[in-house]
Structures are given as structure tokens and as C-alpha cells.
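Please keep the sequence and the structure in view while reading.

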Amino acid sequence: MKTIRLIYPQWQGGNIAHWISDIPAEDASRGYYLGSMLLNFLAPKTEDETFVVPVSTDISERMEKNGVLDHDIISRQSQAALETLAIANPDKVVTLGGECSVSAPVFTYLAEKYCGDVCIVWIDAHPDITLPGDDYNGYHAMALTACIGMGDKDIVGHLPAKISADNVCIAGVRDCEYPYIKQRMTDLGITHFSPEQIAKDSNLLTDWLLRTGKSKVMVHFDMDVMNPSDIIAAVADGPEGGLKLSEVIRVINDIAAIKELVALTVAEPMPRLAIRLKNMLSELPLIK
């Protein structure tokens with residue numbers, strides 16, 4: 001079984017600068033790029049092959065197309081990720097993002113590889129099931145619907161497979177943002193658990209996993225699922241009521257104990273302090 005580490009610093013799926021006031025807007029927009037690189041720097045050293053998806057840092061002109069911000073760039077980078085996976089031919093993938101949409105090429109690649117014998121646990125404060133034309137145009141909020149096979153045909157149409165909604169579970173969701181998103185989660189039949197339901201133990205989640213009948217699981221871990229009072233590592237410092245870091249670690253390990261874990265994504269690190277330090281260094285004499 002071949003495992004690879006995929007560094008996928010895509011930031012274009014986020015439309016987030018207006019939520020982050022303590023760092024310059026362009027740095028905030030591209031913060032996920034630096035966050036991805038820092039995750040790789042901080043992660044344990046690995047003997048597994050490491051691949052980097054080429055991602056543009058050009059921010060000169062961000063345009064919406066078909067209801068998706070930076071549509072064409074995201075489409076190209078998704079294709080680059082799929083080409084990287086085709087060359088590497090992995091059986092398991094650790095993805096260090098980048099915003100949430102980095103899971104879409106990886107999860108659909110593995111769904112095709114394993115002929116659908118996979119399920120998804122999406123650990124996130126948000127459902128990520130928006131669609132083009134909804135109130136928010138960031139593709140990272142469309143990541144899970146893309147995995148299900150819904151969304152912009154120019155992007156989603158190139159993904160190699162789709163995962164049925166009844167094989168998807170969202171864990172730790174506490175902010176649907178719009179009433180129609182909450183209703184869509186119900187209409188699609190996606191199982192979901194609040195932080196309170198999985199904080200003390202993982203029984204509800206592991207019971208669901210066993211009922212799927214799938215032998216393999218793919219886990220997406222968006223860092224905004226964590227409670228801000230425990231750790232602020234994502235874009236927003238609220239709402240409260242999220243999981244503790246120790247609880248997230250327990251949940252993921254409990255998942256891996258009962259199903260074969262073939263994909264783990266860590267997504268949406270927003271390294272505010274590192275960005276401020278970087279900007280400080282760029283202003284000092286002799287370092288410029």
C-alpha cells in the first residue's frame with residue numbers, strides 16, 4: 001500500500017479577507033497557502049513520497065464565473081492535482097491544505113480507485129454544501145457537494161467519481177450560516193452530528209460508520225471545527241461551542257480504529273501570527 005503526502009496550498013476557494021481584520025487583505029486571502037506550507041514543516045518527517053500541487057499566488061485579478069470566485073484558476077489547479085495523483089498512483093493520501101476544496105480531487109480519485117467502497121467523514125464547523133448561485137461564492141464552501149457530484153460542471157464534471165450522500169457524515173457542524181443550507185443537508189440525507197454529540201465519545205459516529213458497510217473511510221479535518229477558546233487556527237474566532245483539539249484527535253483515531261483510513265486532509269489553517277512575523281521581517285533593514 002503506497003501512501004503519499006500531498007501539499008496542496010490552494011487558497012483561491014476562499015473569499016475570506018473581510019473576516020480577518022488584523023492582517024492585510026491580500027495576506028489574509030493567501031493565508032491558506034502559507035498555512036499549507038507550515039503544516040508540512042510542522043508535520044512529522046515521513047519516508048512517504050511528497051508531492052506539491054502547483055498553485056498560483058497571483059492575486060491581481062480575482063473574478064467570479066458561473067457563481068464561483070476564481071473559477072478558472074481552481075479548475076486548472078484541480079486538474080493539476082488529479083494529474084499529480086495519476087502519476088503518483090497512491091493507495092492512501094495525506095493532504096495538507098489549503099482551503100477545504102483540496103479534498104475534492106483526492107476523495108473522488110480514491111472513490112474511483114476503490115470502486116465506491118469508501119465513505120466520508122467531514123469534520124467541520126460548516127457543512128460545505130453550498131452551490132453556485134448561493135449567497136457565498138467561495139468554492140471551499142462547495143467542497144462536499146463537489147464530492148457528491150453537485151456543482152459547477154466545468155469543475156465538478158472533471159472529478160473522476162462521486163460519493164453518494166448517504167455515505168457522507170458531517171461531524172462537529174455548528175454553523176450552517178443560511179437556513180436553506182441546513183435544509184439542503186436534510187434534503188440530501190447527509191448524516192450530521194453536532195459537537196455536543198461527539199465531544200465525550202465517538203459512539204454515534206462509529207455506529208454510523210459500521211452501518212455504511214464500506215470498508216474504507218476518508219476523513220476531512222477543517223481546523224475551524226475546533227473551539228476558539230481551545231485553539232484559534234482557522235479564519236474565524238467564533239462561534240463558540242466547537243470541539244477541543246483533544247476531542248478531534250480522539251474522533252479521528254476512533255474512526256481509523258474501525259475502518260481502513262485511506263485519506264486524511266487537514267485544511268484551512270490560517271497562520272495569523274506567522275503572517276505578521278513575515279511582514280515584520282520584510283520591513284527590517286538588511287533583511288529586505
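How many aromatic pairs does a search of the whole structure find? In this predicted model, the search of the whole structure finds three aromatic pairs, and two of them are set out below.

| Aromatic pair | Geometry | Centre to centre | Between the planes |
|---|---|---|---|
| Tryptophan 19 and tyrosine 136 | tilted | 5.8 Å | 35 degrees |
| Phenylalanine 107 and tryptophan 122 | edge-to-face | 6.2 Å | 90 degrees |

The tilted pair of tryptophan 19 and tyrosine 136 links distant parts of the chain, 117 residues apart, with tryptophan 19 in the loop between strand S1 (3–8) and helix H1 (25–29) and tyrosine 136 in the loop between strand S6 (118–123) and helix H5 (143–148). Tryptophan 19 counts as partly exposed because its relative accessibility is 45%, whereas tyrosine 136, with a relative accessible area of 12%, is buried.

In the edge-to-face pair, phenylalanine 107 lies in helix H4 (residues 103–113) and tryptophan 122 in strand S6, 15 residues apart, and both phenylalanine 107 and tryptophan 122 are buried.

Turning to the helices, H9 (residues 203–212) and H10 (residues 245–258) pack with their axes 10 Å apart and at an angle of about 30 degrees, which means that H9 is roughly parallel to H10. The crossing of these two helices, H9 and H10, is right-handed. On the H9 side, Leu205, Thr206, Leu209 and Leu210 meet Val251, Asp254, Ile255 and Ile258 of H10, and the residues of this contact comprise six nonpolar, one polar and one charged.

Definitions and conventions: Residues numbered from 1 in each chain as written. Predicted model: local features only at pLDDT ≥ 70, side-chain atom pairs only at ≥ 80, totals over all residues. Heavy atoms only, no water. Axes fitted to C-alpha atoms, helices over the stretch in contact; angles between N-to-C directions. Helix = DSSP H or I, 4+ residues; strand = E, 2+ residues; numbered from the N terminus. Parallel < 35°, antiparallel > 145°, perpendicular 65-115°, else oblique. Left-handed = near helix turned anticlockwise from the far one by under 90°. Contact = heavy atoms within 4.5 Å. Nonpolar A, V, L, I, M, F, W, Y, C, P; charged D, E, K, R; others polar. Phe/Tyr/Trp six-rings, centres within 6.5 Å; stacked < 30°, edge-to-face > 60°. Buried < 20%, exposed > 50% of the residue type's maximum accessible area, 1.4 Å probe, protein only.
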